[in-house]
Number of protein chains: 2
Amino acid sequence: MNFQSCFPIWHQLTDDQRERIYGSLINRSVQKGTVLHGGGDCTGLLLVRSGQLRAYILSEEGREVTIYRLFDRDLCLLSASCIMRSIQFDITVEAEKDTDLWMIPAEVYRRIMTESAPLSNYTNEIMAARFSEVMWLVEQIMWKSMDRRVAAFLLEEAAIEDAELLRLTHETIANHLGTHREVVTRMLRYFQDEGMVRLARGSVELLDKKRLEALRDT
Amino acid sequence: MNFQSCFPIWHQLTDDQRERIYGSLINRSVQKGTVLHGGGDCTGLLLVRSGQLRAYILSEEGREVTIYRLFDRDLCLLSASCIMRSIQFDITVEAEKDTDLWMIPAEVYRRIMTESAPLSNYTNEIMAARFSEVMWLVEQIMWKSMDRRVAAFLLEEAAIEDAELLRLTHETIANHLGTHREVVTRMLRYFQDEGMVRLARGSVELLDKKRLEALRDT
């Protein structure tokens with residue numbers, strides 16, 4: 001998989017613009033757990049070649065909540081927040097799996113964006129997609145109780161991994177959902193008592209997806 | 001105040017583009033309480049000439065939470081969500097005060113955006129600004145307790161109105177914050193017992209802003 005095929009508007013750029021992007025690309029391979037971006041830096045745009053990234057925000061007390069995840073061919077804009085004056089928040093980006101990616105320097109991208117309507121419109125679409133994910137999150141945390149959010153998270157993980165046996169600690173789940181480990185442990189024990197999951201050290205096995213789905217969709 | 005002076009990139013558009021926007025503008029004057037946009041329509045972009053709008057989301061049960069507010073010269077993009085495929089959520093926009101505004105038809109704007117890098121980049125900045133407001137909201141609802149959110153809301157209202165005596169029902173405050181009226185009533189009574197506010201039918205008077213600020217900032 002080459003860069004051009006992962007960048008949908010490549011054919012709408014001029015030769016000069018392509019050269020500037022292509023000539024400044026940085027290849028990176030990072031291990032699971034690597035923090036790629038954080039602390040208000042302007043790291044650059046991250047285009048996932050293969051792997052999985054997680055973008056989250058941190059509270060002053062160190063609590064986390066996942067705001068979106070990125071998979072193959074997804075582009076992370078918010079790791080290059082200096083491309084737009086109006087982005088007034090910081091995220092952290094971490095590799096959830098071993099990941100190969102391309103990094104586009106923020107300044108190169110920003111300059112081409114000012115001259116290219118196609119690149120600017122593409123950027124708009126990416127931002128709107130992330131914005132939509134955050135709005136979904138707002139609806140979840142405003143209107144959904146924690147049992148439904150844990151059920152939704154387990155089902156999402158099972159879909160991503162295409163597996164029923166998930167290697168996940170209660171701490172990890174809590175960090176995705178922005179809650180405390182104890183809350184997740186209590187919920188998972190309740191799910192286990194109800195026969196929906198089986199718990200073991202470092203793993204959660206989904207036994208009854210139908211009921212988890214019914215819970216999520218109530 | 002004319003349209004051109006409220007549209008910061010006016011001088012970066014071509015004569016033809018200006019004519020298409022100017023020729024399609026719709027002037028509207030609405031009373032406080034008018035719902036300008038809702039139900040998944042693609043109403044058009046709303047540019048506030050004078051007045052105040054509120055954008056909020058609704059739960060299935062009819063609960064509300066304010067996601068941002070718009071004042072003089074602010075542009076509402078999300079009332080024209082069809083300008084971008086990737087906007088996958090619906091908001092409702094209501095006049096919080098009597099408001100004069102211009103409406104730009106979504107299709108006119110969208111077409112010019114595809115050809116004009118300045119308009120597309122301007123749109124990006126507006127979207128990033130709204131996105132930032134929603135991220136602020138996420139942080140509030142994730143990490144801040146309701147007493148601090150009520151204090152922050154009262155102080156914001158006092159700043160907008162430039163007044164200590166606020167004409168607000170408990171229901172209105174609850175709808176801004178996405179909670180139940182009873183929760184707000186309990187919190188305001190506590191504030192009153194502590195001497196921070198004085199309550200009367202349909203109003204809240206701020207008596208001790210310093211302490212409300214201290215509470216907000218804890």
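B:Phe7 touches B:Leu13, B:Ile21, B:Leu47, B:Ile104, B:Tyr109, B:Leu119 and B:Tyr122, leaving aside residues up to four places away in sequence; contact means heavy atoms within 4.5 Å. This is a predicted model, in which local features need pLDDT of at least 70 and side-chain atom pairs count only at pLDDT 80 or more, while totals for chains, interfaces and linings use all residues. Residues are numbered from 1 along each chain as its sequence is written, chains are lettered from A in the order in which they are written, and side-chain values use heavy atoms, without hydrogens and water.

**Core**
- The largest nonpolar core has 108 residues. Such a core is a set of buried (under 20% relative accessible area, 1.4 Å probe, protein chains only) Ala, Val, Leu, Ile, Met, Phe, Trp, Tyr and Cys residues joined through side-chain atoms within 4.5 Å.
- Those with the most contacts inside this core are Phe7, Ile91 and Tyr109 of chain A and B:Phe7, B:Ile91 and B:Tyr109.

- A:Ala117, A:Asn121 and A:Asn124 of H4(A) meet B:Met113, B:Thr114 and B:Glu115 of H3(B).
- Of the residues in this contact, two are nonpolar, three polar and one charged.

**Symmetry**
- Chain B is superposed on chain A by a rotation of 180° with 0.0 Å of shift along its axis (RMSD 0.0 Å), so the relation is that of a two-fold axis.
- B:Ala117 has the C-alpha nearest the axis in chain B, 1.9 Å from it.
- Both copies use the same surface, as 100% of the contact residues of chain B recur in chain A.

Methods. Buried means under 20% relative accessible area, exposed over 50%, partly exposed in between (1.4 Å probe, protein chains only). Helices (H or I, at least four residues) and strands (E, at least two) are DSSP runs, numbered from the N terminus. Ala, Val, Leu, Ile, Met, Phe, Trp, Tyr, Cys and Pro count as nonpolar, Asp, Glu, Lys and Arg as charged, and the others, Gly among them, as polar. Copies are superposed by least squares on the C-alpha atoms of residues with pLDDT of at least 70 in both.
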